[in-house]
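Reader: I'm new to this one. Can you walk me through it?
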Amino acid sequence: MTAEKERAAHVPVVIVGAGPVGVTAALLLARRGVRTVVLERHHDVYPLPRAVAADDEVRRILQAAGVGEEFAAIARPARGLRLLDARHRVMAEFPRAGQGAHGFPQTSMFDQPELERVLRDALARRPECDLRTGVEVVGMGVGPGVGVGQDSNGPVRVTFRRDGVEEHLWADAVLGCDGAGSLTRDAVGAGWQDLRFEERWTVVDVRTSVPVRCWEGVDQVCDPDRPATFMRIGEDRYRWEFRLGDEPEPEPDHERLHERLRELIAPWVDLPYGADFEVVRQAQYTFRARIADRWRRGRIFLLGDAAHLTPPFIGQGLGAGMRDAHNLTWKLARVLQQGADERLLETYESERAPHARHAIRLAVAMGWAMTGGQDGAAALRRGVLGAAFRIPGLTAAAARDLSPALAAGPLVRRRALRRARWGGRGLVGGICPQPWVTVDGRRVRLDELLGDSFAVLTAAPPSPSLRAVADGLGARTVPLTGLGDDGRLSAWLRAGRADAVLLRPDRVVMDEVPLGATDFTDTAGWASLLHSTRKPLPAQRTIDTSLLRSATR
């Protein structure tokens, strides 16, 4: 390939893998005007179900990607999670609300192929996105003839094969969304940290019109002999998961397989012979708990299963990858388009890795609650667990901890004296709730008002210095009076002892104005990372009720 052609084959971002995480990342970048090429080895959406659950934060991310309504049409709210003993008696229940803090059902069930079609349809409508299927990425490196073991922030050369022909692309950044067997992880030079969980399970997806006994939530059966998971996915779709023994099981014939399945699902469904009962998929998986020891090298990043693997017991596998995309894309866009400090990209791993590790450990803990291991103390541990979950408030606290606030860092500025004075961590690092608000007589979700950039929510008249900060960031300043949110945001600020908050594009609270103060607590701590050197952002006026129409998309 000539130098002229190589220069022509340059794109801002290459995304390896067109699963839900990769396509969501492309859509989020497109909304910020960043062009991407998405490389996928399969020609079409993988047709069999895999991920089946999304929490309300993930639904908010899908809203940010522009597919919130389309996803709602294919999703089914779930009531929550129950832990059952071996006799299917309820040990503990984790209820999930019909509308959570993010403005959506706290748990939604869905069929992954349907989600992927929704995402790809949206991708096809974006001129900034170029999806290339049937291609195999075979290598990447920094600079002509340079291997992958470089930490340079220069362009990355991605090599792929299509129809037997090797091609190249130059990219300012590469996002590796290519799963557990990630080639991008090799390019980053990352290894796995083992979080000490590995079990073999069989997963059975079924379509049937036969009545199934279910509570419209997820059942986790804590049985040392045959731990299991059951959930309803759709109108006539169900999933069972059963742990396998340590010894390899011989492959049964079809008749024996059907009889064994009938025995396993008997607690939930009476299955007469000849009933309408279609096994859509039956597959064996090894559930593992792992996290990459590094998530970035130069401008090459890991997302989703390329960066972390979790057992499925709290339904956070897909969610963790979607959070990766939401966290990274706004930072990458600001660096590529507006010349923000390269150090901004370092906050991706420092924020996401501890958060993902926390979710994996919760999933492992739930796995041990279900199985307790297979030693002599397993029954004792399950008995202690059942007693613990009868403590008032414990199940509610456990449910809230699925997605904790981000740890303090360059983009999470916490007041040092808050914990000593008030015994809490405040609002910073958490995500702003998303109530319905009224815009020119029309009811919309909060994020539709705020747009895709920074935002300031304030319960007090903004000071000149606060206005200057907002203008410098291109942030919309939204007074909370007259929003028609039933006072939810004002109450949220009061509970956090703040008069105003600065929201990042991913709706994480970056800084706050304490009660009675006029300025953010640590503007100097984060301003240098966000400073634009090439293309300044347009300043946004304070939004009041007369300007609400122009603030909506």
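Reader: Which helix does leucine 530 lie in?
Author: Leucine 530 sits in helix α16, residues 523-530. Helices here are DSSP runs (H or I, at least four residues), numbered from the N terminus. This is a predicted model: local features need pLDDT of at least 70, side-chain atom pairs count only at pLDDT 80 or more, and totals for chains, interfaces and linings use all residues. Residues are numbered from 1 along each chain as its sequence is written, and side-chain values use heavy atoms, with hydrogens and water left out.
Reader: Is leucine 530 buried or exposed?
Author: Leucine 530 counts as buried because its relative accessibility is 3%. Buried means under 20% relative accessible area (1.4 Å probe, protein chains only).
Reader: What is leucine 530 in contact with, leaving aside neighbours within four places in sequence?
Author: Among them are Trp330, Ala340, Phe454 and Met510. Contact means heavy atoms within 4.5 Å.
Reader: How far is leucine 530 from alanine 340?
Author: They are 190 residues apart in sequence, yet 5.2 Å apart in space, C-alpha to C-alpha.
Reader: New topic. How many residues has the largest nonpolar core?
Author: The largest nonpolar core has 118 residues. Such a core is a set of buried Ala, Val, Leu, Ile, Met, Phe, Trp, Tyr and Cys residues joined through side-chain atoms within 4.5 Å.
Reader: Which residues have the most contacts inside it?
Author: Val13, Met140 and Phe301 are among them. A second, separate core has 24 residues, including Leu427 and Leu503.

How values were computed:
Buried means under 20% relative accessible area, exposed over 50%, partly exposed in between (1.4 Å probe, protein chains only). Helices (H or I, at least four residues) and strands (E, at least two) are DSSP runs, numbered from the N terminus.
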